[in-house]
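Open the model in your viewer and keep the sequence panel beside it. The tour below goes stop by stop, saying what to select and what is found there.

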Amino acid sequence: MPPTRKPDQTAPAPVSPTGVEMPLPDGAPDPRAQAGDVLTSPQGVRIPDTDHSLKAGPRGPVLLEDFHLREKISHFDHERIPERVVHARGAGAHGTFTSYGTAGNITRAAVLAEKGLETPVFVRFSTVLGSRGSADTVRDTRGFAVKFYTKEGNWDLVGNNIPVFFIQDAIKFPDIIHAGKPSPTREIPQAQSAHDGFWDFVSLHTEATHHTLWNMSDRGIPRSYRTMEGFGVHTFRLVNADRETTLVKFHWKPVLGVHSLTWEEAQIAAGVDPDFHRRDLADAIEAGAFPEWELGVQIFPDTEEETYEGIDLLDPTKIVPEEMVPVQPIGKLVLNANPQNYFAETEQIAFCTGHVVPGIEFTNDPLLQGRNFSYLDTQLTRLGGPNWPQIPINRPHVAVNDNHRDGFMQQGVPVGEAPYLPNSIDDGSPQPADFEHGGYVNVPRQVEGEVARGVPSSFDDHFSQPAMFYASLSDVEKTHTIEAYTFELGKVYEQEIKERTLGILAKIDSDLCEKVAAGLGLPVPDGKPVEHLPPSPALAQVKPDSFPIAGRQVGVVAGPDADLAGIAALRSALEDEGAQVKVIAPHGGTLGKGKNQQVVERTVVTARSIEFDAVVVADGAPKDSDIKSVVLLQEAYRQLKPFAAWGDGAEVLTSAGIDVDGPGVLTGKTADSLAKDLVAALGRHRVWEREELVTASAVPPAS
Ligand code: HDE
């Protein structure tokens, strides 16, 4: 008998747009479930041997009549679909969104308005520039796309982790992406902006300045998808039950706080673990440390000017500081299940900005208007035809009766004679729904103007908001931003491009401009910073606040003679807070016996600094550490991670050149005595006080 395989997934219900499925005889399994115990062909024929092709004799030619060979190879030949033009590299998860009901007065969309309503969601995070196989930790914008399967149809909020965009008009999208993608001649560099093309474009097209500055700040290298903010970017129009409108900007606030990698971590991870963010998301969910965000809105009156205190709400290169208009929480997102199949779910999900539900409308933001065309259009090529809404991950969780018919890969078997309206043959069905019956009826909007390719003059200010953003950063973040510009421009060949960029930086901040110029060895250009709004503390991510440590990784260096009871105690204290402990030892397997036995999760060969948020050395850990352990400790120290050591574990730190009296190094006699302080240190993300001591800055001081 072949071994029995019991797949945990049940067959997706084969529902067609008209709600009719091809009837299978009673008890017949759905072929799409891949659920039988015996290997078959796609036609259900049982296959005796899938390892050898059918030949005329063991040394003879392969026979064309081998239908199993042909079907197997042919299906394999067509396994790939075109990757996304942008945001090709991504990771996703299932979850729920629960409304607080606080938006009930501004929108009639039940997903936001009904207190306590739980709506299933699928979220896909992504990088923008890289191909599907590129590294997760490159410096880039991250996508934050949420599909809400609401009871009024699907709503897609397709946002980013940066609240502004490079361009103000969708017509420029091919230009910025062609500039950022690898050079068309050699197709390098992959997934990064540190090249002439990108800097050529953004230095000429100065409306990109704000977004570029965010990319060069620590926001461009998030620690995890779980520690990213998300933004809807555009201003949307919400409509309540009385058909009153307000303008809003959407914000996702991570419960774990906003936290980024250091540049060193990002670069090491890109080589050592290119799946760093993807792994982190899946591991956290599997461990029960479910990532959470609050959805909030900034609310603006819907006036004729569509501006707030002089800030044009239709300009996607502008934000409204939270100090001027606070973000009001309206619901919570929890990601609680990993996809079962990457391709079927994460790859095939199709987001469209045009997917909105009654109560959520668009504004005239020219970027948003263009996106509404692009996303629908791109799915036709990517998913091979117009029936992609029938793919399981894309199906709405409500009845669909759209009169759409035929096309590639039609899965439904529609019934009825009249897929048109009006009709009398099918009793006039399906009936359009008016406002009272939940129809998507637009709020009337006046539109008039001269036909021209114009831009409002309020879009012309390209520098005051970047200047405000830079002024709002903490000192540590400013240093990192200076280093990022110096690195990226240091990779640019054309002198003219570097000079042009320095000219832009001069308008933002003198210190930024001078230090980058010094790093590049170029003269500081003329020009002085523009005036800007007061700094917005909400924009800085390094703050004294403390955050939950769920899903954080703590590496414990140990060996056969280590205090295993101490490790067990520390593990339990950290796990109580949702953090995870990984024991690192010279060899794999287990350490010790009995109740304190420890499984070795990482060996000295497989461990690297980047995967730990804190490093602990156990009492009794080997003193004759090899070079890999020393590298691990030194890197983690440089990356400002909290350290702890108990008993003679401190000697291991000292011999690796780490000052045990330095900031963020906890020492004590027992593991117990360290746990509380270690939890507190992890909650502050990094030991920022150490930055000055360890940064051999890549940037020489400005003269
Ligand atoms: Fe996108 N964008 N975009 N974009 N975008 C796509 O759609 C496009 C923009 C964003 O995980 C594509 O299905 C145009 C802003 C995310 O599947 C494509 C313009 C923001 C994702 C497309 C923009 C985004 C995409 C490629 C200028 C943040 C990944 C594949 C008007 C608010 C969604 C696809 C996922 C994907 C077009 C600008 C976010 C080609 C024309 C602004 C998160 O349709």
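Helices (H or I, at least four residues) and strands (E, at least two) are DSSP runs, numbered from the N terminus. This is a predicted model, in which local features need pLDDT of at least 70 and side-chain atom pairs count only at pLDDT 80 or more, while totals for chains, interfaces and linings use all residues. Residues are numbered from 1 along each chain as its sequence is written, and side-chain values use heavy atoms, with hydrogens and water left out.

**Stop 1**

Select Gln34, in the segment before helix H1 (67-77). Gln34 is not a glycine, yet its phi is positive, about 50°. With 59% relative accessibility, Gln34 counts as exposed; buried means under 20% relative accessible area, exposed over 50%, and partly exposed in between (1.4 Å probe, protein chains only).

**Stop 2: the iron atom**

Go to the ligand and select Tyr375. The OH of Tyr375 lies at 1.8 Å from the iron atom of the ligand and is its only protein donor. Donors here are N, O and S atoms within 2.8 Å of the metal (3.2 Å for Na, K and Ca); water is not among the atoms, so sites may look incomplete. Tyr375 belongs to helix H9 (residues 366-382).

**Stop 3: the shell around the ligand**

How many residues surround the ligand? There are 21, and the closest are Arg84, Arg124, Ser374, Tyr375 and Gln379. A residue is near a molecule or strand if one of its heavy atoms lies within 4 Å of it.

Now show the side chains of Arg371, Ser374 and Gln379. An N or O atom in the side chain of Arg371 is 3.4 Å from a nitrogen atom of the ligand. Ser374 places a polar side-chain atom 3.0 Å from an oxygen atom of the ligand. Gln379 has a side-chain N or O atom 3.0 Å from an oxygen atom of the ligand. A polar contact is a pair of N or O atoms within 3.5 Å; within protein, one must be able to donate a hydrogen and the other to accept it, and residues adjacent in sequence count only if both atoms are side-chain atoms.

Which elements give two or more residues to the shell around the ligand? They are strand E3 (142-150), strand E4 (153-160) and H9. H9 gives the most, with six residues.

**Stop 4: elsewhere on H9**

Select Gln369, also in helix H9. Gln369 is partly exposed, at 35% relative accessibility. The C-alpha atom of Gln369 is 9.0 Å from that of Thr353, and the two are 16 residues apart along the chain.

**Stop 5: a buried glutamate**

Move to Glu229, in the loop between helix H5 (209-216) and strand E5 (230-231). Glu229 is buried, at 6% relative accessibility. The side chain of Glu229 makes a polar contact of 2.6 Å with that of Arg219 and another of 2.8 Å with that of Lys253.

**Stop 6: two arginines on one ring**

Select Phe435 with Arg108 and Arg243. Arg108 lies over the face of Phe435, 3.8 Å from the ring centre. The charged end of Arg243 is also over the ring of Phe435, at 4.5 Å from its centre. A charge sits over a ring if NZ of Lys or CZ of Arg is within 6 Å of the ring centre and within 35 degrees of the ring normal.

Arg243 is in the loop between strand E6 (236-239) and strand E7 (245-254). Although not a glycine, Arg243 has a positive phi of about 65°. Arg243 is partly exposed, with a relative accessible area of 33%.

**Stop 7: aromatic pairs**

The structure holds 21 aromatic pairs. Rings of Phe, Tyr and Trp (its six-membered ring) pair if their centres lie within 6.5 Å; planes under 30 degrees apart count as stacked, over 60 as edge-to-face and the rest as tilted. One of the pairs is Tyr637 with Phe643, edge-to-face, 5.8 Å centre to centre with 65° between the planes. Tyr637 is buried at 12% relative accessible area, and Phe643 is buried at 0%.

For a cluster linked by ring pairs, select residues including Phe97, Phe125, Trp155, Phe250 and Trp293.

**Stop 8: two cis prolines**

In the loop between H9 and H10, select Pro422 and Pro430. The Leu421 to Pro422 peptide bond is cis, with omega about -5°. The bond from Ser429 to Pro430 is cis as well, with omega near -5°.
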